Amino acid sequence: MALANGNDLRVYFRKDEDCRPREIDRVLENITTTKTRVLFRLQEDLSETVRDGSAYYLVYGNKDAGKAKQNPENVYLFYDDFSDSNLEKRWQKNWGDIDAENGVLKLKTGQTPDKNAAGISILIKDGHEWEDIEVELDFNEIKNDVAPGPLLRVQDARIQSTTAWWFEYVTGTKGCTMRPYKNSKDGGWLYQGTLNEPLLQGSWNHAKYRVVGDRFSHWVNNQLLHDNVKVSTQWMITKGTLGLGCHSGQNGCYTLYDNIKITKYIPVLPTVSLGPECKVDLKKFHGLGTSKANPATSCKQIHDILLQDGKLENGLYWVKTSADRSVPTYCDLLNGGWTLVGKVSGFADKLYRFWLIKNYNVDALDSPALPSKVGCIDARYLATYHASTVMFSSGDNENGIGSKWVQWPLPQGRESDSLWTHSVGRTTVSKARMHPVTVKAWNGKEQPCFQNKYGIMPFLQHGGSYPSATYNKAGNSRKNDYCMSVGVLKTGTTADGWTQNGNGYDSPRNSSDWANSQKNHVSPYLTVWLK
């Protein structure tokens with residue numbers, strides 16, 4: 001692979017009737033090792049694939065690749081990392097105090113209404129027909145001397161008639177068991193196991209469970225506790241969903257869960273052979289960026305390919321704004337491959353609602369000349385995955401970058417869903433670390449400035465201006481220097497926790513006002529480029 005994070009490795013699926021392969025979601029395990037696994041969901045029964053000549057493709061080796069499709073919800077039978085706090089969509093609450101917060105499921109239980117030993121506090125809504133599956137999850141019991149654990153093959157979750165296989169642990173001890181229940185009849189510690197070390201309260205553990213027919217296997221922290229154990233006919237349950245619960249002692253449990261992955265278990269994997277490897281020389285590729293059907297990841301990518309032929313021409317090209325969307329915008333290829341992502345000339349009222357986070361008046365980006373109506377693309381994907389530098393430029397050149405400009409490296413730790421996103425709020429932005437950054441200017445001068453990972457000015461009364469490089473860590477503005485920001489909030493208004501006292505317009509107000517002679521002009525006048 002060309003990228004250490006594996007982004008260049010994609011999985012595609014094609015049927016004969018498809019005009020082109022389509023990318024499908026994949027998950028990588030043990031990346032950059034000899035034991036790397038590529039997981040993806042079959043798009044049809046394997047017998048159909050063999051019969052109809054369909055095929056899966058592994059594509060890799062492109063160092064300029066953007067983010068691959070990798071939604072685990074489209075790979076596993078079930079997946080939840082609790083990044084979405086809305087549990088009701090996929091889970092059914094039964095009893096106890098249950099919340100998803102900060103990417104973790106928090107399960108607080110007490111006695112069940114009828115004081116049965118086992119109680120299913122929450123369960124997956126789907127999955128009642130699941131038979132042979134593997135489950136992996138992380139859990140952390142906060143209390144000592146209590147008995148938490150997941151329940152597999154949940155057939156009946158009602159407190160009075162619990163029917164499931166409960167994998168029970170006791171914090172502070174090495175004891176564990178698969179404890180079967182049928183119609184609330186308790187099988188007790190019928191299938192006991194022993195951990196190598198006591199299960200400590202407040203410690204995260206990784207567990208894996210496999211249920212196949214009338215047998216089960218069980219691991220905790222890579223220790224095999226039950227190896228293909230047969231369940232007696234009396235306690236046999238053929239299918240069911242996954243639940244989480246606790247021994248309903250007087251105090252109950254306080255258990256954290258995360259990273260729940262469920263896959264269908266296939267005892268005998270099919271034999272799969274790889275076809276021949278096909279290499280593509282990107283340097284010989286023509287037409288990149290010339291149509292919506294063939295967009296580039298950036299103008300820099302177009303520049304690097306066309307440079308081999310010595311045929312660089314500034315103009316309009318198609319550039320991706322996400323993994324599967326693109327827009328036409330202006331490229332300055334003669335200066336190294338800069339992508340025009342925004343232009344503004346005298347507009348600041350509610351600019352934060354779309355500036356560099358939405359495709360807005362994209363036709364304005366046919367040319368970099370100013371004055372012009374305001375226009376921009378959603379530049380966060382490009383800035384996160386395919387660029388390293390941001391530039392402000394004057395608008396006095398209709399064929400490319402202007403005669404005056406400042407540029408600096410994009411923020412460390414930036415993320416595509418929060419970079420330049422005003423709605424993350426002033427409270428969040430103000431907590432972010434301000435990193436030093438060097439701003440370079442058209443006249444050869446340089447200046448030390450500061451920015452945070454959001455690229456937004458944190459100072460309360462300056463409206464959350466962005467992109468932003470400020471002369472101090474507090475996020476203040478100052479005229480006649482090279483630390484600049486685009487004002488996005490009108491004077492006297494408020495939004496997302498910021499106010500605007502009129503001093504947040506730390507940018508030029510016309511193409512000759514470089515560096516800006518004022519900071520309260522309410523009239524940003526510049527173009528924004530990425531490379």
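Contact here means heavy atoms within 4.5 Å. The structure is a predicted model. Its protein chain has 531 residues, and buried residues make up 51% of them. The chain holds four helices and 32 strands.

**Overall build**
- Along the principal axes, the C-alpha atoms of the protein chain fill a box of roughly 85 × 55 × 35 Å.
- Among contacts with a separation of 6 or more, 61% link residues 24 or more positions apart.

**Domains**
- The domain assignment gives domain 1 (1–69), domain 2 (78–264) and domain 3 (283–530).
- A distance of 33 Å lies between the C-alpha centres of domain 1 and domain 2.

**Surface and charge**
- The protein chain exposes about 24500 Å².
- The chain carries 63 positive and 57 negative charges.
- The mean positions of these two sets of charges are 4 Å apart.

**A closer look at Thr 339**
- Thr 339 sits in strand 24, which covers residues 338–345.
- Is Thr 339 buried or exposed? Its relative accessible area is 1%, and buried means under 20%, so Thr 339 is buried.
- Leaving aside residues up to four places away in sequence, Thr 339 touches Ser 298, Cys 299, Val 319, Thr 329 and Tyr 330, and also Leu 382, Val 528, Trp 529 and Leu 530.

Notes. Residues numbered from 1 in each chain as written. Predicted model: local features only at pLDDT ≥ 70, side-chain atom pairs only at ≥ 80, totals over all residues. Heavy atoms only, no water. Helix = DSSP H or I, 4+ residues; strand = E, 2+ residues; numbered from the N terminus. Buried < 20%, exposed > 50% of the residue type's maximum accessible area, 1.4 Å probe, protein only. Areas by Shrake-Rupley, 256 points an atom, 1.4 Å probe, with all protein chains shown as cover. Lys, Arg positive; Asp, Glu negative; His and termini not counted. Charge placed at Lys NZ, Arg CZ, Asp CG, Glu CD. Domains from an automatic or database assignment.
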